[in-house]
Amino acid sequence: MLSNYKIPGFLLVSLGGLFLSSGGALFKLFENQDVWTIYFWRSFFFAPAVLIYLFFSSKNNVINKFKNVGIIGIFCAALYATGSGAYMFAMKHTTVANVLFIISTQTFMLAVAGYFILKEKINLTTGIAILMASIGIYIMIGTKISNGTMLGNAFAFVTPICFTSIVMIIRKFQHTDMVPAVALSGVFCMVVGAMMSNNLMMTSHDFFLAFLFGSLQYAPGFICLTLGSRTTESAKVGIFAFSEAIAGPLWAWIFVNENPSIGVFIGGTIIFLALLLKSFKK
């Protein structure tokens with residue numbers, strides 16, 4: 001449906017980043033901090049939300065779309081599920097600053113992978129935008145990086161590795177709609193979450209958060225990123241996905257009382273300028 005309106009890919013990627021930016025704040029608001037339980041219930045609401053999108057965007061073609069993704073789509077779904085699970089475990093075991101900073105390395109991973117795997121060239125303005133965004137993210141949260149835990153930091157690194165791999169697949173198979181793989185990942189998450197959780201019971205407070213987390217945050221976020229990545233060069237995907245880094249600290253400020261430093265605003269401004277550079281200068 002979004003792609004039917006010919007929305008530019010880079011805008012979809014930025015929009016996806018904005019949707020996903022509230023993930024850290026939402027996770028911190030859960031009373032039940034069992035990751036597997038949150039993993040299950042978020043996916044319980046996430047998968048139907050993606051299916052609803054597929055139904056309205058594809059009409060009677062939904063089943064064929066699932067058939068068309070094939071084995072590579074199943075692999076892509078497994079990467080989505082792995083990356084999302086690693087993100088939550090990272091939030092559980094290390095700081096939000098660590099997670100955001102480590103995830104931002106996907107910008108370099110995407111640029112390098114796109115260059116060597118897909119032979120996508122990195123022009124001067126793209127290189128400048130990557131440098132600007134990197135400086136911005138360092139000013140925003142680089143000084144807040146702590147040792148955290150080796151386990152938490154390791155989980156955080158899994159997320160950009162998975163996302164980079166997903167973008168490579170989407171770019172390589174541009175004519176295949178991978179949104180069904182996003183829906184399939186929700187099924188994988190529910191199965192694994194149900195198997196690993198000791199108790200799936202949640203309070204009404206957490207149940208509502210799971211609904212927000214799955215259907216209004218995660219689902220639209222990855223639908224937009226998946227659609228946008230089809231028509232956006234890998235390095236540019238990394239740049240425009242920085243919208244998550246800009247908005248993330250603001251959500252934390254609003255909902256979990258993490259007061260932003262002046263560096264957040266300075267760094268955020270630099271990242272925003274990098275996004276504008278790539279928006280108007282191809």
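Author: Let's start with Trp-41 and Phe-44, which sit three residues apart in helix α3 (residues 35–58), so about one helical turn separates them. Please keep in mind that this is a predicted model.

Reader: Why is Trp-41 called buried?

Author: Buried means under 20% relative accessible area. Trp-41 has a relative accessible area of 15%, so Trp-41 is buried.

Reader: And what makes Phe-44 count as partly exposed?

Author: The label covers what falls between the buried limit of 20% and the exposed limit of 50%. Phe-44 has 35% relative accessibility, so Phe-44 counts as partly exposed.

Reader: What makes Tyr-80 and Phe-222 an edge-to-face pair?

Author: Two numbers decide it. Ring centres must lie within 6.5 Å, and planes over 60 degrees apart count as edge-to-face. For Tyr-80 and Phe-222 the centres are 5.4 Å apart and the planes make an angle of 85°, so the pair is edge-to-face. This pair links distant parts of the chain, with Tyr-80 in helix α4 (residues 62–93) and Phe-222 in helix α10, 142 residues apart. Both Tyr-80 and Phe-222 are buried.

Reader: How many aromatic pairs are there by this rule?

Author: The count comes to 18 aromatic pairs. One of them is formed by Trp-41 and Phe-44, which is edge-to-face at 5.1 Å centre to centre and 70° between the planes. Ring pairs also link Phe-40, Trp-41, Phe-44, Phe-45, Phe-207 and Phe-211 into a cluster.

Reader: What about the span of α13?

Author: Helix α13 (residues 262–280) has 19 residues and reaches 27 Å from its first C-alpha to its last, close to the 27 Å expected. Buried residues in α13 include Gly-263, Val-264, Gly-267, Ile-271, Leu-275 and Lys-278.

Reader: Why are the buried residues of α13 said to line one face of the helix?

Author: Seen down the axis of α13, the buried residues fall within an arc of 120°, so they line one face.

Reader: Which residues touch the most other members of the largest nonpolar core?

Author: They are Val-50 and Phe-222, in a core of 55 residues. Leaving out residues up to four places away in sequence, Val-50 touches Val-179, Val-182, Ala-183, Ala-219 and Ile-223. There is also a second, separate core of 28 residues, and Met-88, Phe-89, Ile-103 and Met-202 are among them.

Reader: How do you know that Met-202 is buried?

Author: The limit is again 20%, and Met-202 has 17% relative accessibility, so Met-202 counts as buried. Met-202 is found in the loop between α9 (179–196) and α10. Not counting residues up to four places away in sequence, Met-202 touches Phe-30, Thr-37, Ile-38, Trp-41 and Phe-207.

Reader: Why is Lys-65 called buried?

Author: Its value, 18% relative accessibility, is under the 20% limit, so Lys-65 counts as buried. Lys-65 lies in helix α4 and touches Leu-54, Ser-58, Asp-177 and Pro-180, not counting residues up to four places away in sequence.

Reader: What makes Lys-119 exposed?

Author: Exposed means over 50%, and Lys-119 has a relative accessible area of 64%, so Lys-119 is exposed. The place of Lys-119 is in the loop between α6 (106–117) and α7 (124–141). The phi of Lys-119 is near 60°, a positive value in a residue other than glycine.

Reader: One last question: what makes Ser-229 buried, and which backbone oxygen lies 2.7 Å from a polar atom of its side chain?

Author: With a relative accessible area of 1%, under the 20% limit, Ser-229 is buried. The backbone oxygen is that of Leu-225, and its 2.7 Å distance from the side-chain polar atom of Ser-229 is within the 3.5 Å limit for a polar contact. Ser-229 is placed in helix α10 (residues 204–230).

Terms used: Residues are numbered from 1 along each chain as its sequence is written. This is a predicted model: local features need pLDDT of at least 70, side-chain atom pairs count only at pLDDT 80 or more; totals for chains, interfaces and linings use all residues. Side-chain values use heavy atoms; hydrogens and water are left out. Helices (H or I, at least four residues) and strands (E, at least two) are DSSP runs, numbered from the N terminus. The expected span of a helix is 1.5 Å times one less than its number of residues. Buried means under 20% relative accessible area, exposed over 50%, partly exposed in between (1.4 Å probe, protein chains only). The arc is that of the directions from the helix axis to the C-beta atoms. A nonpolar core is a set of buried Ala, Val, Leu, Ile, Met, Phe, Trp, Tyr and Cys residues joined through side-chain atoms within 4.5 Å. Contact means heavy atoms within 4.5 Å. A polar contact is a pair of N or O atoms within 3.5 Å; within protein, one must be able to donate a hydrogen and the other to accept it, and residues adjacent in sequence count only if both atoms are side-chain atoms. Rings of Phe, Tyr and Trp (its six-membered ring) pair if their centres lie within 6.5 Å; planes under 30 degrees apart count as stacked, over 60 as edge-to-face and the rest as tilted.
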